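Student: I have a structure open and want to learn how to read it. Can we go through it step by step?
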Amino acid sequence: MSELVAYTDGACSGNPGPGGWGVVLQAKDGARLLKERALSGGEAHTTNNRMELQAAIAALGALARPSKITIVTDSVYVKDGVSKWIFGWKKNGWKTAAKKPVKNVDLWQALDEAQSRHTVLWEWVKGHAGHPENERADELAREGMAPFKPEAANASAP
């Protein structure tokens with residue numbers, strides 16, 4: 001039986017500003033890579049945290065059937081949010097412990113829904129530390145952001 005691993009990352013130029021997300025989705029048999037799929041996308045006006053969340057949502061959304069998957073993120077915000085904070089938020093009607101609305105609630109709800117169909121193990125890895133798959137996810141996030149950066153818009157102008 002193969003093991004599924006998704007390496008996710010988000011990027012933003014300015015915060016808020018143009019942003020992108022990237023996913024390296026792998027099926028492995030032990031150390032042997034069976035299949036790999038790259039996903040990316042972006043938005044014109046967003047935040048880094050929103051792109052980190054979008055990457056995780058996209059990784060789970062790419063799975064055709066309920067699966068066991070490890071999601072590796074360099075975002076403490078995503079890992080702690082989904083593995084610690086979300087339970088209280090849901091219990092409190094999507095309010096923080098301070099009774100304030102949860103930021104990015106639309107994406108947290110989408111992530112909660114997306115992971116409900118799967119068995120998900122969340123792992124954190126230090127970003128920009130030479131981890132090959134994390135670096136590739138970062139490249140994909142930057143590719144996803146590229147069409148939304150001002151210089152891209154200027155380059156396509158007549």
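Tutor: Start with a term: two strands pair if DSSP finds at least two bridges between them. Keep in mind that this is a predicted model.

Student: Which residue in E2 is the bridge partner of Ala6?
Tutor: E1 and E2 are joined by 10 bridges. Within E2, the bridge partner of Ala6 is Leu25.

Student: Do E1 and E4 run parallel or antiparallel?
Tutor: Look at the bridges again. Thr8, for one, has a bridge partner in E4, namely Thr73. Five bridges join E1 to E4, and the two strands run parallel.

Student: How many of the 10 residues of E1 are buried?
Tutor: Buried means under 20% relative accessible area. By that cut-off E1 is mostly covered. The count of buried residues in E1 is nine.

Student: Which residue takes a positive phi in the hairpin of E1 and E2?
Tutor: Four residues lie between the two strands of this hairpin. One of them deserves a look at its backbone. With phi near 90°, the residue is Gly14.

Student: Which residues does a cis peptide bond join?
Tutor: Go to the loop between E1 and E2, where Pro16 is found. Check omega there: about 15°. The cis bond joins Asn15 and Pro16.

Student: Which element gives the most to the largest nonpolar core?
Tutor: This core has 30 residues, and Val23, Ile69, Trp108 and Leu111 have the most contacts inside it. Elements giving two or more residues are E1, E2, helix H1 (48-61), E4, helix H2 (76-91) and helix H3 (105-116). With eight residues, the top contributor is H1.

Student: What is Leu111 in contact with, leaving aside its neighbours within four places in sequence?
Tutor: Leu111 is among the residues with the most contacts inside the largest core. Its list of contacts takes in Leu53, Ala56, Ile57, Leu60, Val82 and Trp122.

Student: Where does Lys99 lie, and is Lys99 buried or exposed?
Tutor: Lys99 has a positive phi near 65°, though it is not a glycine. It sits in the loop between H2 and H3. Exposed means over 50% relative accessible area. Lys99 has 59%, so it is exposed.

Student: Is Asn104 buried or exposed?
Tutor: Asn104 lies in the loop between H2 and H3. Its phi is positive too, near 60°. Its relative accessible area is 17%, so Asn104 is buried.

Student: What is the volume of the largest pocket?
Tutor: First, who lines it? Of 22 lining residues, those closest to the centre are Ser2, Leu4, Ala27, Leu63 and Ser67. By class the lining has 11 nonpolar, five polar and six charged residues. The volume is about 530 Å³.

Student: Which residues is Arg142 in contact with, leaving aside its neighbours within four places in sequence?
Tutor: Arg142 is found in helix H4 (residues 132-145). Its relative accessibility is 42%, so it counts as partly exposed. Its contacts are Ala11 and His128.

Student: What separates the C-alpha atoms of Arg142 and His131?
Tutor: Count along the chain first: these two are 11 residues apart. Then take the distance between their C-alpha atoms, which is 16 Å.

How values were computed. Residues numbered from 1 in each chain as written. Predicted model: local features only at pLDDT ≥ 70, side-chain atom pairs only at ≥ 80, totals over all residues. Heavy atoms only, no water. 1 Å grid on protein atoms, 1.4 Å probe; cavity = no way out; pocket = protein on both sides within 12 Å on 5 of 7 lines; lining within 4 Å. Points joined across faces, edges and corners; volume = space filled by probe spheres on them. Nonpolar A, V, L, I, M, F, W, Y, C, P; charged D, E, K, R; others polar. Buried < 20%, exposed > 50% of the residue type's maximum accessible area, 1.4 Å probe, protein only. Core = buried A, V, L, I, M, F, W, Y, C linked by side-chain atoms within 4.5 Å. Contact = heavy atoms within 4.5 Å.
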